[in-house]
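Thanks, everyone. Please bring the structure up on your screens, and I will walk you through its pockets and its cores.

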Amino acid sequence: MNPHAVRVVFLDMDGTLVHFPPDFTPARFLQRVYRTLGLEVELGRIEWAYEVAEAWWEELFAEDYTRWTRENFVEFNRRMLALLGFPGNDVGELAERVQDHWERLPEEGGELLYSEALASLEELKARGLVLGIISHRPLPSIRSSLRKHGLSGYFKLLVSPQVANAPRGKLEPAMWSYALTQAGVVPGEAAHIGDRYEHDVLGARAAGLRPI
């Protein structure tokens, strides 16, 4: 039996704390964003452009979360806008503005908090446990989600692959060692709650945390 008592609990974001409505799609979100920016584009064309740009993204960045940077996301947006036929002189600025909306996706895309999440966080907090987020999301999206749901005050630590320098995210020892160092605990004093077996259970267990 592990002699250490749990002092810190890390939680995943998507599928654990929050989720999007069943009818949410990136293309529908982008159509609303484009309209906000004065661009009218048919949904089918956006779906096509997104698929093409996504294939480019998967080839270059899918296996390295540390490259999920604003600069590369802006390039993704620029490629989509070019595919949709918008003038080259305007695409750079538009791509930056589109990225501003992506970084507020939880607030603007209708993200939902699981109904039991708040009560569970209150219970963990009442037990005196330190709470943190470990997610593959970039930090702006994590902060946007916590802000939307009024949860910012619950979490002392926010850990993403970028800040932890962990290219493979939760499959990378660096992701967990960074989180543990920031929390000031050893592995046996931390638990991690998540919904994906490979990342949230096997990844945490390999690093010595208690997976839930």
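Start with the largest pocket. Its lining has 32 residues. Nearest the centre are Trp-68, Phe-73, Leu-105, Arg-137 and Pro-138. Keep in mind that this is a predicted model.

How much space lies in that pocket? About 910 Å³. Helices H2, H3, H4, H7 and H10 each supply at least two residues of the lining. H7 covers 139-148. By class, the lining holds 14 nonpolar, seven polar and eleven charged residues.

Now the second largest pocket. Its volume is about 150 Å³. Among the residues that line this pocket are Leu-11, Tyr-114, Glu-116, Leu-121 and Ile-193. Helix H6, residues 117-126, gives the most to this lining: four residues. Here the classes are seven nonpolar, three polar and one charged.

On to the cores. The largest nonpolar core has 26 residues. Leu-30, Tyr-34, Ile-46, Met-80, Leu-81, Phe-86 and Val-98 have the most contacts inside it. Helices H1 (26-36), H2 (43-61), H3 (70-83) and H4 (88-102) each give two or more residues to this core. H2 brings the largest share, six residues.

Look at Val-98. Leaving aside residues up to four places away in sequence, Val-98 touches Leu-30, Val-33, Tyr-34, Leu-37 and Asn-77. A second, separate core has 17 residues, including Val-9, Leu-11, Leu-121 and Leu-139.

Last stop, helix H10, residues 197-206. Which of its residues are buried? His-199, Asp-200, Val-201, Gly-203 and Ala-204. Their cover includes helix H9 and strands E6 and E7. Just after H10, Gly-208 takes a positive phi of about 95 degrees.

Terms used: Residues are numbered from 1 along each chain as its sequence is written. This is a predicted model: local features need pLDDT of at least 70, side-chain atom pairs count only at pLDDT 80 or more; totals for chains, interfaces and linings use all residues. Side-chain values use heavy atoms; hydrogens and water are left out. A nonpolar core is a set of buried Ala, Val, Leu, Ile, Met, Phe, Trp, Tyr and Cys residues joined through side-chain atoms within 4.5 Å. Buried means under 20% relative accessible area, exposed over 50%, partly exposed in between (1.4 Å probe, protein chains only). Contact means heavy atoms within 4.5 Å. On a 1 Å grid over the protein atoms alone, a cavity is a set of points where a 1.4 Å probe fits but cannot get out, and a pocket is an open set with protein on both sides within 12 Å along at least five of seven lines; lining residues have an atom within 4 Å of a point. Grid points are joined across faces, edges and corners, and a volume is the space filled by probe spheres set on the points. Ala, Val, Leu, Ile, Met, Phe, Trp, Tyr, Cys and Pro count as nonpolar, Asp, Glu, Lys and Arg as charged, and the others, Gly among them, as polar.
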